[in-house]
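This report covers charged side-chain pairs and strand pairing in one protein model. The sequence and structure come first.

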Amino acid sequence: MKKYLCILLSALLAACGTKNAAMPDLPDAEAFEATVDGKPVALYTLANGTGFTVQITNFGARVVSILAPDRNGRMADVAVGCESIGRYLDEDEARFSGPVVGRFANRIAEGRFTLDGTQYRLPQNDNGQSLHGGVKGLDSRVWTVDSHSADSIVMHYVSPDGEEGYPGELTIQVTYAVTDDNALRIGYRARTDRPTVVNLSNHTLFNLGGEGSGTILCHELWIDAEATTPVDSVLIPTGRIAPVDGTPFDFRTPAPIGARIDVDDEQLRNGHGYDHNWVLGNFTGAVRFVASLYDPMSGRKMEILTDQPGIQFYSGNFFNNASCGKFGRKIGYRGAVALETQHFPDSPNRPQFPSTLLRPGETYTQTCVYRFCVCP
């Protein structure tokens, strides 16, 4: 029933002319010209020639804006971000809008893990756990731009041995590329000089109706996953692999995010909604189609492809209208979602999970694709 109410509401809103046909404002490059930690920061624009546009800054190697068309060809910025570097530096709420997160994306229990007999301790920056690389992870570092063209950018960051408690000097490269089929392709590579753990991801927050356009509860989600990794009250995996059959976590058939988000379920209580890792199907290390997000109001659809074993779906449970996107656009409760391709949270402490170990001589690689299209 909620699905049909969403579609009906979308039609009524469209008939009333609530959509803005004007091109949305995008940040100016001048607003990102700064020196942070002694390094230059800038804003870079990638485009494919048909209007699909992505803005990237080398502060946190982050996505700032994604301009995508709706079913009528009208453009909207579907990524939550800030219009200036100053806001990213000054506002805690902006920290995880769009960046590369790591060295270890998501959570590590009690900020510690053991590798080759040595225990390593990390900053406990989230309810006693280590989240997204610690107090100053990759999201808060200035990356060095290696090359930039009309449709791609390559940048790298060298994380020193011991940074945020992680062993080994880790050299990380990320490539963002815009393709002719309206996709943002993200490629990662990393090498280390000592054994370490690595789990990188991108933390763009999406609203396919446009940044600040309202709730995402009517967005329809599909995830190719038969199981999740359940979590405890501080969002650390219990170690179980739990089937989604008969639970609010079954998105094998597309369903509105809001259809079951408020049912009485222990896992939903722990996450204050959805904030969990799904165990993706057909994991072989090859890139495959694993998830999609569809907004019936605008007709925008985002398809996600990855070579990773998991995806973290976060349903914007902590937005409260105090957070702003660009140019004062308010981000309300459940006003954006993250869909982060990744290895599983707390994998260094869970030998039954796919390994996140990286040794000297090995190369970590990952590919994630966010591909945009429209439905009639």
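How many salt bridges does the count come to? The count is 21 salt bridges, and the model they are taken from is predicted.

Asp116 and Arg359 form a salt bridge through their side chains, with an N to O distance of 2.9 Å. Asp116 sits in the loop between β9 (112–115) and β10 (118–121), and Arg359 in the loop between β30 (357–358) and β31 (364–374), so this pair ties together parts that are 243 residues apart in sequence.

Arg359, at 29%, counts as partly exposed.

## A buried pair

Glu163 and Arg141 also meet in a salt bridge, at 3.5 Å from N to O. Glu163 belongs to the loop between β13 (152–159) and β14 (170–178), while Arg141 belongs to the loop between β11 (130–131) and β12 (144–148), so the pair ties together parts that are 22 residues apart in sequence. Both Glu163 and Arg141 are buried.

Arg252 has 31% relative accessibility and counts as partly exposed. Asp250 has 18%, and it counts as buried because that class means under 20%.

## Strand β25 and its partners

Which strands pair with β25? One is β24 (residues 288–294), which pairs with β25 in the antiparallel sense over six bridges. Within this pairing, Ala291 has Ile304 of β25 as its bridge partner. The two strands, β24 and β25, form a hairpin with five residues between them. Gly299, in the turn, has a positive phi of about 85°.

Strand β31 is another partner: β25 and β31 pair in the antiparallel sense over seven bridges. Here Leu305 has Val369 of β31 as its bridge partner.

Strand β25 spans residues 300–306 and is mostly covered, with six of its seven residues buried. In a regular strand, side chains alternate between the two faces of the sheet.

Conventions: Residues are numbered from 1 along each chain as its sequence is written. This is a predicted model: local features need pLDDT of at least 70, side-chain atom pairs count only at pLDDT 80 or more; totals for chains, interfaces and linings use all residues. Side-chain values use heavy atoms; hydrogens and water are left out. A salt bridge is a side-chain nitrogen of Lys or Arg within 4 Å of a carboxyl oxygen of Asp or Glu. Helices (H or I, at least four residues) and strands (E, at least two) are DSSP runs, numbered from the N terminus. Buried means under 20% relative accessible area, exposed over 50%, partly exposed in between (1.4 Å probe, protein chains only). Two strands pair if DSSP finds at least two bridges between them.
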